[in-house]
Amino acid sequence: MLHKVHDISCEHLLITGVTGYIGFKTLTIALERGYRVRAIVRSERNINELKDRSTTIAQSLDQKQLQFVVISNFLEKDAIFKSLEGITVIIHLASPLAIETSDYDVGIVKPAISMVTTVLEAATRVTSIHRVILTSSCVTLIPFEWNINPDSERLYIADDVNTSVTGPFTTAMEAYWASKALARVATKAFVNHARPKFDFVNLLPSVVIGPDDRLDADPTATVDSLLQGTRAAVLAPALTSSLNSSFPYVGTPVHVVDVARAHIDAVDAGLVPGNSEYILSSDTPNGVVWDRDVQDACRKFFPAEVASKILPLEGSLTAIRWRLSAGQTEETFGWQFTGFEETVRQLLSQYLRLEERSRK
């Protein structure tokens, strides 16, 4: 069924987390589509880095389509509220990372909840805001303990919620897992209690991979710049065992571009209903097997690099099977997720470009 054409000229977006992997791509897509954007950064240095890494960002800033607001402490009283004048939609991507800390509750869990509730509370005071879009995670569907004894036959849907969130937490990852679930629960509880004039959309990405656009315009970028965190672990089967993860990964990839465009598509209330949640994951319901599927893509798309050992295929990443349902997402948004084979082809292409640069 056709929906009414969305008038982007009526919208003014506020986006947080724009210096990050997903946030950077979300910002550039919003600008390319013609949205006016106010972006939150932590410092003036962030602004200069973003301008250097994207001509779209630099030109949009010159043309007044984009403006930046520097907020060094997101949780400072009224800091976010003061940046919301005239805003119609908030896209909140910023979130604490799973970093090691002496107190997981104080360092990871409470900040994640506070960041979400701070945004929601500020939005209730601004009459122009009609929607808040939040980046949640597929890890909110299941408890951390699931990884030890996974239910690999059950099909998980967006209505599932991890309720095993009380702690005490023994690792940063376990605390992060709980923090995302608690922030998601807090969002729904806030809306049910406060009855704001705006609605919300929770987006639940799985394992986000794909090329990092921030590196394309950075002359100092190296393969080490790309091989960070998740991307390093996923590319281990193509490269060396030095990149092997200390823990297995669920076999549920999603292309970073799909995650970013879902955030911008969700601005359109005529397309995406409010007070709703959507799984963002490709190759559902059965997912991928990292070692097999990464190495198959290497052999298919880069046989010469495999033969010459530029892609030595010596690492490994154990896959846990996790069945997710993304059918409702594709039906609502009207597009299909980029398949893993194409996602890893693009990621490997960027790796090879950076690797070749290092040899010159």
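These legends accompany several close-up views of a predicted model.

**View 1**
Let us start with strand β2, residues 36-41, where five of the six residues are buried. On one side, β2 pairs with strand β1 (residues 12-16) in the parallel sense, over four bridges. Look for I15, which stands opposite A39 of β2. β2 also runs parallel to β3, and five bridges join these two strands. In that pairing, V41 has V70 of β3 opposite.

How many of the residues of β11 are buried? Five of five, so that the strand is mostly covered by the 20% limit on relative accessible area for a buried residue. S276, Y278 and L280 point one way from β11, while E277 and I279 point the other way. Residues on both of these faces are buried. Strand β7, residues 199-205, pairs with β11 in the parallel sense, and the pairing counts five bridges. Within this pairing, N202 has E277 as its bridge partner in β11.

**View 1. A buried glutamate, E277.**
Here we zoom in on E277, which has its place in strand β11. Is E277 buried or exposed? E277 counts as buried because its relative accessible area is 15%, and the limit for buried is under 20%. What does the side chain of E277 meet in polar contacts? One partner is the side chain of K188, at 3.2 Å. Another is the side chain of N202, with a polar contact of 3.0 Å. Leaving out residues up to four places away in sequence, E277 touches A158, R184, K188, F200, N202 and L204.

**View 2. Helix α12 and the elements it packs against.**
Helix α12 takes in residues 340-359, 20 residues in total. From its first C-alpha to its last, α12 reaches 28 Å, close to the 28 Å expected at 1.5 Å a residue. The buried residues of α12 include F340, T343, V344, L347 and L348, and also Y351, L352 and E355. A handy reminder for reading this view is that residues three or four places apart in an α-helix point the same way, because there are 3.6 residues a turn. Which elements do the buried residues of α12 pack against? They are β8 (207-209), α6 (223-226), α7 (229-235), β10 (253-255), α9 and α10.

V344 is found in helix α12. With a relative accessible area of 0%, V344 is buried. Setting aside residues up to four places away in sequence, V344 touches L235, V294 and A297. V344 and V294 are 50 residues apart along the chain, yet their C-alpha atoms are separated by 6.9 Å.

**View 3. L311 and the nonpolar cores.**
The largest nonpolar core has 88 residues, and L13, V37 and L311 touch the most other members. Which residues is L311 in contact with, leaving aside its neighbours within four places in sequence? The list is A238, L239, C298, F302, E305, V306, L348, Y351 and L352. Another core lies apart from this one; it has 24 residues, among them I87, M115, F190 and V191.

**View 4. Backbone spots worth a second look.**
Most residues other than glycine have a negative phi, and most peptide bonds are trans. K64 lies in the loop between α3 (55-62) and β3 (66-70). With a relative accessible area of 72%, K64 is exposed. K309 is not a glycine either, and its phi is positive at about 70 degrees. The place of K309 is in the loop between α10 (303-307) and β12 (319-320), and K309 is exposed, with a relative accessible area of 55%. Finally, the peptide bond from T284 to P285 is cis, with omega near 10 degrees. P285 lies in the loop between β11 (276-280) and α9 (290-301).

Conventions: Residues numbered from 1 in each chain as written. Predicted model: local features only at pLDDT ≥ 70, side-chain atom pairs only at ≥ 80, totals over all residues. Heavy atoms only, no water. Core = buried A, V, L, I, M, F, W, Y, C linked by side-chain atoms within 4.5 Å. Buried < 20%, exposed > 50% of the residue type's maximum accessible area, 1.4 Å probe, protein only. Contact = heavy atoms within 4.5 Å. Pairing = 2+ DSSP bridges. Expected span 1.5 Å × (residues − 1). Polar contact = N/O pair within 3.5 Å; in protein donor to acceptor, adjacent residues only side chain to side chain.
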